[in-house]
Amino acid sequence: MGELLNVKNLSVTFSAYNGEVKAVRGVSFTVYEGETLAMVGESGCGKSVTAKAILRLLERSSATVSSNSVVEFEGKNLLTLSGKELNQIRGNAIGMVFQDAMASLNPTMTIGNQIIETIRSHKKLGKREASKRACELLELVELPEPQALLRRYPHELSGGQRQRVMIAMALSCDPKLLIADEPTTALDVTIQAQILELLQRLQKRLAMSVLLITHDLGIVAGVADGVQVMYGGSLIEKGTAQDIFCSPKHPYTAALLTAIPRRSMERRSDLYALPGTPPDLRLALDCCPFAARCKYAMPICKKQMPEETGETPGHSCRCWLQHPMAPRVALNGGEAGG
Amino acid sequence: MAEVLFQAESLKRYFKSGKTSVKALDGVSFQIYRGETLSLVGESGCGKTTCARTILGIYEPTDGSVLWDGKEVSALSRKERTAFRRENQMIFQDPYACLDPRMTVAMSIEEGMRRHFSYSMAERRSKTEELLETVGLTAEFASRFPHELSGGQRQRVGIARALALEPRFLACDEPIAALDVSIQAQIINLLMRLQKERGLTYLMISHDLTMVRHISDRVAVMYLGSIVEIADTEALYEKPLHPYTQALFSAIPKAEPDSDWLKERLQLTGEIPDPGHVPPGCNFAPRCPYASERCRQAAPPLTEQEQGHFVACWETQA
């Protein structure tokens, strides 16, 4: 598999009235062709900011992307492209789906006009052809009666239908990469399953890569090939879904997995609850961001950020416990027992 | 635990919206036993919250009745009504919206105490500090304002405020939906501990079906204003009888890498109909893979299939 998107050392800082918020701190990862990569983390960990920074969708007045950050897509650094060049990629080779479909669609325009607008801004198509293409797209995302739907407004659709329209728009120019930012968070479980399955089917059919951003570890299993876990603005663990679920290496990943009740647990037994709250991202945090909540924390954890290390290929982790001289501990969660 | 605390009898609550009337709660009957956790599950708009609020008397029922300790709630005397309001409390979903931003934590917690108990100021203060410790905060939080707190901390204040009135029953409306996974476990552990220590009865509303399985004694599944199935937790999760329950449970994401839950699930077609225009017959018939002519004509009653396992479906009654 070739590399499609290469993010290197991405850092994003927001200037707020009470200090600089370092939301993303030197994140590097690769999305390969045809894979689904899931980025998992709690709210405020920087996953959405990373996604928006890739497409340069952050407000320029408040967000600063550090100058040594690189976002390479098919050999081009998206961060240094001119606005015109960037627009040829945004919505064209890279599509994006957001969490709140109602807020992302224009309430004053019909569904049809919105899709047609997207198509015509990227392709030289006449109105009629674009309208035909819009209809095909709605069929592709399995919406009933696409012709009638083209004339409807967003408020006339249900949440699941709106999310399908969003996906149709994102797919309008056959993107190579689809960035889906919490695409099912606002939906009910049965609808969530429908949308996830649709995304999976479309990905195979259109041979695209998907960067799936979510806070829900549950939906990642069975959907993603690769999983990366983010905490406090840093990527702390990367691996295949199998790696992350069965042999998590970072204490935070393990804790996330045990915070979900499992079948094997006795009912009403206490869940493993991480003490404390996520770190304040205004602080410099030269140390491991998780150190303050980690029950295995050693003095070094509070001094210095560990390097990314990995024994098995493709499974890497930033944790001092991985150091060859660190004590071996059995993390709770996963097969490591606990 | 056979003692019944609440009994709902064909409870209905309609909301007028223009010319149509939305049947948010369309004739539900169930009991809540003392000391148990009963969970209401279902998709958004199915009437879970309306059900809890009608039980607590926040909404007047359009029809039907609620019995509390055997007494009709709408016919309580003034004195009884005061006791009813004190003993039955609610915890809300949005910890950002349920606290008054202009009140300190102590003011929020003490507000109910002033109304219901004749404590002195010092007593109130010491009670408040005690409560804050009970819910895992410290006395220093008393003088803070909601905006200074995180979501999890606010939810703890919401719980302390409810506990201030020494309730016997708590209706928890999605208490963890707005919180992160690691914080969810903290709040769930707290609620379980409080139940054990104080013998509380919970009506838990949640769409997190994995968590519901972990904490509930019994679970009721709602669809479009009706209860379609109600049973003991294990019986329901092991052997769901109603097609909707089956579909709902099979759509639960499984945090296991090899599970093919997406493919193996019972798939539903279509979406929940507009509750203002519910078709005749079984509410679920338009989406049900097993629906027959009979289902489209008459709504099935909730009947006991096995000991304590009630289902509203014609197909299971054959």
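Which residue just after H8(A) takes a positive phi? In this predicted model, in which local features need pLDDT of at least 70, side-chain atom pairs count only at pLDDT 80 or more, and totals for chains, interfaces and linings use all residues, that residue is A:Ala207, with a phi of about 50°. Residues are numbered from 1 along each chain as its sequence is written, while chains are lettered from A and ligands numbered from 1 in the order in which they are written.

Helices (H or I, at least four residues) and strands (E, at least two) are DSSP runs, numbered from the N terminus. The end C-alpha atoms of H8(A) are 25 Å apart, which agrees with the 26 Å that its 18 residues should span at 1.5 Å a residue, the expected span being 1.5 Å times one less than the number of residues. Among the buried residues of H8(A) are A:Val189, A:Ile195 and A:Leu202, where buried requires 20 or more other C-beta atoms, placed from the backbone, within 10 Å of the residue's own, exposed 12 or fewer, and partly exposed a count in between.

Within chain B, strand E9 (residues 218–223) and strand E10 (residues 226–232) run antiparallel and are joined by 6 bridges, and B:Ala220 stands opposite B:Ile230 in E10(B).

Methods: Pairing = 2+ DSSP bridges.
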